[in-house]
Amino acid sequence: MKLRLKGSSLRLRVSPSELTHLQAGKSIQERVQFSIDSRSSLDYALTVGHHRDPVQVSFVSQRILVSISEDQLTGWSREDQVGIYSSLPAGEARALEVSIEKDFACLDLSDEENLDTFENPVAAKAC
């Protein structure tokens, strides 16, 4: 799973095998270790929750937890749905824009980066 943070936005890109893990009821977790000190890390996870909100996000103890509802997972699992998008309140007159997307193959055909990715829907047009 890839994480991108920019301003007040958070984007996760999920591979086919990771989507299969979610469908099996398992969470996806990653860690970024910034130095030898074990406290200098950032953990992030994507899970399926039993809640009505399409997306929930929490940040506690250096851990970002993104949770999608079961309904969102069902819809997103269909081949034609690229992602789940949500705008969450984040303080006074602010919002956190959340994108959870399928990780499509890069069109430059770099083999290493394209391992375990979804087929890019515009690849046939580019080749």
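This is a predicted model: local features need pLDDT of at least 70, side-chain atom pairs count only at pLDDT 80 or more; totals for chains, interfaces and linings use all residues.
The buried residues of helix H2 are covered by several elements, including strand E2 (9–14), helix H1 (16–23), strand E4 (41–49), strand E6 (63–69), strand E7 (83–89) and strand E8 (95–102).

Helix H2 spans residues 70–77, and its buried residues are Leu-73, Gly-75 and Trp-76. An α-helix has 3.6 residues a turn, so residues three or four places apart point the same way.

Helix H1 can be read in the same manner. Which residues of H1 are buried? They are Glu-18, Leu-19 and Leu-22. The arc that they cover around the axis is only 100 degrees, which puts them on the same side of H1. The cover over the buried residues of H1 includes E2, strand E3 (28–33), E4, H2 and E8. Just after H1, Gly-25 takes a positive phi of about 85 degrees.

The two helices may now be considered together. Two packed helices are described by the angle between their axes and the distance between the axes. For H1 and H2, the packing angle is about 140 degrees, and the axes are 11 Å apart. An angle over 145 degrees would count as roughly antiparallel; H1 and H2 are therefore oblique to each other. Their crossing is left-handed. Where the helices meet, Leu-19, Leu-22 and Gln-23 belong to H1, while Leu-73, Trp-76 and Ser-77 belong to H2. Sorted by class, this contact has four nonpolar residues, two polar residues and no charged residues.

Attention now passes to individual residues in the strands. Thr-47 is placed in strand E4. Is Thr-47 buried or exposed? The relative accessibility of Thr-47 is 18%, and Thr-47 therefore counts as buried, the cut-off being under 20%. When residues up to four places away in sequence are not counted, Thr-47 touches Leu-22, Ser-27, Leu-65, Val-66, Ser-67 and Ile-68. One of these, Leu-22, is also among the buried residues of H1.

Leu-3 lies in strand E1, which comprises residues 2–6. With a relative accessible area of 25%, Leu-3 is partly exposed. Apart from neighbours within four places in sequence, Leu-3 is in contact with Leu-10, Arg-11, Leu-12, Leu-42, Tyr-44 and Ile-64. Leu-3 and Ala-45 are separated by 42 residues in sequence, and their C-alpha atoms are 9.7 Å apart in space.

The last stop is the loop between strand E5 (55–60) and E6, where Ser-61 has its place. Gln-62 is also placed in the loop between E5 and E6. Most residues other than glycine have a negative phi, and most peptide bonds are trans. Against that background, Ser-61 has a positive phi of about 50 degrees although it is not a glycine. Gln-62, likewise not a glycine, has a positive phi of about 60 degrees. As for accessibility, Ser-61 is exposed, with a relative accessible area of 65%. Gln-62, at 38% relative accessibility, counts as partly exposed.

Conventions: Residues are numbered from 1 along each chain as its sequence is written. Side-chain values use heavy atoms; hydrogens and water are left out. Buried means under 20% relative accessible area, exposed over 50%, partly exposed in between (1.4 Å probe, protein chains only). Helices (H or I, at least four residues) and strands (E, at least two) are DSSP runs, numbered from the N terminus. Contact means heavy atoms within 4.5 Å. Axes are lines fitted to C-alpha atoms, for helices over the stretch in contact, and angles run from 0 to 180 degrees between N-to-C directions. Angles under 35 degrees count as roughly parallel, over 145 as roughly antiparallel, 65 to 115 as roughly perpendicular and the rest as oblique. A crossing is left-handed if the near helix is turned anticlockwise from the far one by less than a right angle, and right-handed if clockwise. Ala, Val, Leu, Ile, Met, Phe, Trp, Tyr, Cys and Pro count as nonpolar, Asp, Glu, Lys and Arg as charged, and the others, Gly among them, as polar. The arc is that of the directions from the helix axis to the C-beta atoms.
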